[in-house]
Amino acid sequence: MTGPATTGRETAEEPDEPSGKDTAGKDADEAGTDGTGTDGAAGPDLAGPPVVLPSSEVPEARGVSRLRLVQIYRVGSIVLGLVLLLSIALTGAAVHRNNEARDTLINRVDPATLQQFRLSSAIGRQDTAIREYAAGGGAGSLAEYRAAIAEERNAVAAMRRLLGPVARSGDVVRRLDRVTAGAAAWRAGFADPLAAKPGGRDLDAAEDAAARRLFAQVRGDITPLQQSLTTLHGHVADRLRARATTVLWALAVTIGLVVLAAIALALLIRRTVLNPVSSLSERVRAVAAGDFAHPLDISGSAEIHELSVIIDAMRRRILDEWRVSTEARTLLNQQTEELRRSNAELEQFAYVASHDLQEPLRKVASFCQMLERRYGDQLDERGRQYIEFAVDGAKRMQSLINDLLGFSRVGRISRFEEAIDLNEVARQAVDNLSALIEETGAEVDVGELPTLPGDRTQFTQLFQNLIGNAIKFRREGVPPRVTVDAHRTDGEWEFRCADNGIGIEPRYADRIFLIFQRLHQRDQYTGTGIGLALCKKIVEYHGGRIWLDTEDRDTPGTTFHWTLPAGEANE
């Protein structure tokens, strides 16, 4: 956590390390190969504004292409709905007529037949009862006779009521009238006069013969009535079967119309959607395969037609942008070659800087020191101060050159390893700082660190710079305490380096990572101002980010956080 700062700290302090100047020439070829993406002057902007194509001439729609899908399907839906409604209406009418025929047969003709049997039975009971009354004179026989008459009347009334609404029932009603008239004549000529007299006397032969002739006539009229009812029953049953057949045909026609409508709808969809889309897909696939000259003129509905025009405009745009891209790629190849040449020159400069430029600096420093030793007793205080300035300037120039070389090598010269134990890297960095740690009495606590892919040397520089800065920028009279640890987050490791030093003001959180940016005078803290810039470059080269913790300022000191992607060893 970052505590309150008094004066801040400089951004870039890198403890002394081997200069590595002898490696510059050896790695020149490698840097020339890998440096195209990191160094070199930026070329001209190849992207530019988007390519604006001229307005394409939309071909005139013809045939179905003049109609939109919503219009086609609206008309098809209306026609299909009308056909279905008509079919349902016809089927419903057929079912209704079938129900009427069935009700007529079951609820009228069949009950009327039963009533006819009641009628025949009632007439027969009348004859039997009146003869028993005539022979025995019992009151029960007379009552039975009168009950049979009532049953006859009820049966006749029921038959008239049931057969009244039935078509073709007139013949049955006429024959029923003859039966009732014959029965009434028999009762008037024989039964009723006999019932009006006291019973218990025998009938004479003439009277009995007349009565039998009248009753035989009634029986003879009942047989045609039964035949007429049978004929009516057959007619109604035939009508019921005919209407049932009509219902079946109506259902068959309805199903047929639905099937035909479905086929018509499928053909319509195939004609207006599937075939145009399939054809458009084939042509788009041909364009995607590289045949950019393949036309995309598709006939179909208005939407498909418009879509083909839009895609064809995209095809022409792709052609134009492809030409622009080809030109840009040619220019990029030229710039890449120029960048390789520039990198080669940069490596040559690095070699010269690490050898030829440092040699005069060493000579200047050596001869100035020799002058001080040999002629020091002859120089006054100002002369010896001038010599010290010259030696210090030469050493600082040599350190600055080494730091710049190290900074330029990040991302260009690297020895990548799949698995690096950062615990060993941290121990190596602490060993490199052992003299400074012993001199200041610092306490460095390194927690458990992961194993990650990367460049071992650059990781060592990263830990050494951060721990070295934490020790160097300590508070007066307070032993430095540095803590380094890490924890796993989503797909990456987050590291922390915290100290109890002088701290950094939050307003400098971005400035401290810029090269040559210092927050202190050189006479307060030594250094070249490259250290934190080098740390940032190393972390970003490995796919992470680094930042200053500006949230917690309750405790003194500075806390840096940085992330590194988790490698396969940590999955």
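This is a predicted model: local features need pLDDT of at least 70, side-chain atom pairs count only at pLDDT 80 or more; totals for chains, interfaces and linings use all residues.
Reader: Which strands pair with E7, and in which sense do they run?

Author: As a general idea, in a regular strand the side chains alternate between the two faces of the sheet. In this structure, strand E5 (residues 492–499) is joined to E7 by 7 bridges and the two run antiparallel, with Trp-493 having Leu-564 as its bridge partner in E7. Strand E6 (residues 546–548) also pairs with E7 in the antiparallel sense, over 3 bridges, and there Ile-546 stands opposite Trp-562.

Reader: Which residues have the most contacts inside the largest nonpolar core?

Author: In soluble globular proteins, nonpolar side chains tend to be buried together. Here the largest nonpolar core has 40 residues, and those with the most contacts inside it are Leu-422, Phe-463, Leu-466, Phe-495, Ile-512, Phe-560 and Trp-562. Among the elements that give two or more residues to this core are helix H9 (422–432), E5, E6 and E7, while H11 gives the most, with 7 residues. Leaving aside residues up to four places away in sequence, Phe-463 touches residues including Leu-422, Val-484, Phe-495 and Trp-562.

Reader: Where does UniProt place the feature "transmembrane region"?

Author: The unreviewed UniProt entry places this feature at residues 72–95 and 247–269. In the model, residues 72–95 are 100% helix, with end C-alpha atoms 34 Å apart, and residues 247–269 are likewise 100% helix, with end C-alpha atoms 32 Å apart.

Definitions and conventions: Residues are numbered from 1 along each chain as its sequence is written. Side-chain values use heavy atoms; hydrogens and water are left out. UniProt positions are given in the numbering used here, feature names are shortened, and annotations may be inferred rather than shown by experiment. Helices (H or I, at least four residues) and strands (E, at least two) are DSSP runs, numbered from the N terminus. Two strands pair if DSSP finds at least two bridges between them. A nonpolar core is a set of buried Ala, Val, Leu, Ile, Met, Phe, Trp, Tyr and Cys residues joined through side-chain atoms within 4.5 Å. Buried means under 20% relative accessible area, exposed over 50%, partly exposed in between (1.4 Å probe, protein chains only). Contact means heavy atoms within 4.5 Å.
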